[in-house]
Amino acid sequence: MNMILPNKIVRWGKSLFVLTISLLFGLPLNAQNSTDYGAMLTAEYQHLFNDKWDLVFKEDLRFDNNASQYSRWKNTLIVGYKFRRNALEGLKLSVALDHINKYTGNHIYRNRYRAALNVIYKYPYRNWSFSFRTRYQVMLHDESTGYYNYELQHVWRNKLTIDYHEKNSRWRYTAWGELFSEINKDRALFLESVMLAGNVEFRLTRYQYIMLYVRDYRDVYINSDQVRTIYFGIGWKYKR
């Protein structure tokens, strides 16, 4: 019985992996109306308690409208647990909590609160590693002009990551793609947007890292007022 459950999890994960690859490479992503360029600044602290538990705190500051306008500020807390048993080796569960302050135009700033459950599977191969993350996310946000009409938004996200790192090298290269699917009020699931991204990481000291990255956000179904946004950013990480 103990082996049946992990085998089912692996088969389910492989199916999501193949589906995500098919959607990422099959979507017509070039038909966006206009393109905006933004900037991102990030800071991250990661603490490993042992070979199973870890705690992550992140700060994310974004600017859009050609990096001239404040877009959002996000604080994130993540608690993760890695499985070390043979049958579940490479599997990780984590819970994430976000607070987001977002500029919505007309000098209005709104606070949003988000909670997510992540299931991650990572497979290392020589200098490479391949990982797949599926996430169920709930966000509390306000779509009205006041703060008295809060609504819950349910989102299912699937992310593929490819990572390259040579042993004893200070450099690490990562690329990933992520699909965002919203669950509407009628419980129907529809694909909303996609993100393609990559970053280069350099280890400064034993515990400190610096990162340069680019992220390309695109909507799948395009209306006349929707804009494709490409962010360029720099980040700092402390990990121990």
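Select strands β4 (residues 91–103) and β5 (residues 109–125) in this predicted model. The two strands run antiparallel and are joined by 13 bridges. Pick out Ile-100 and look across to β5, where its bridge partner is Arg-112. Then move to the hairpin of β4 and β5, which has five residues between the strands. Gly-105 in this hairpin takes a positive phi near 95 degrees.

Next, select strand β6 (residues 128–142) and find Thr-134 in it. Thr-134 counts as buried because its relative accessibility is 6%, under the 20% cut-off. Its side chain makes a polar contact of 2.9 Å with the side chain of Asn-158.

Now turn to the charged residues. Side chains of opposite charge can pair when their charged atoms come close. The structure holds eleven salt bridges, one of which is formed by Arg-133 and Glu-178, with the closest N and O atoms 2.5 Å apart. Arg-133 lies in β6 and Glu-178 in strand β8 (residues 171–183), so this pair ties together parts 45 residues apart in sequence. Arg-133 is buried at 13% relative accessibility, and Glu-178 is buried at 2%.

Select Glu-201 and Arg-172, whose side chains meet in a salt bridge of 3.8 Å, N to O. Glu-201 is in strand β9 (residues 189–203) and Arg-172 is in β8, 29 residues apart. Glu-201 is buried at 8%, whereas Arg-172 is partly exposed at 25%.

Last, select Arg-228 and Asp-216, which form a salt bridge of 2.9 Å, N to O. Arg-228 is in strand β11 (residues 228–239) and Asp-216 in strand β10 (residues 208–219). Both residues are buried.

Methods
Residues numbered from 1 in each chain as written. Predicted model: local features only at pLDDT ≥ 70, side-chain atom pairs only at ≥ 80, totals over all residues. Heavy atoms only, no water. Helix = DSSP H or I, 4+ residues; strand = E, 2+ residues; numbered from the N terminus. Buried < 20%, exposed > 50% of the residue type's maximum accessible area, 1.4 Å probe, protein only. Polar contact = N/O pair within 3.5 Å; in protein donor to acceptor, adjacent residues only side chain to side chain. Pairing = 2+ DSSP bridges. Salt bridge = Lys/Arg side-chain N within 4 Å of Asp/Glu carboxyl O.
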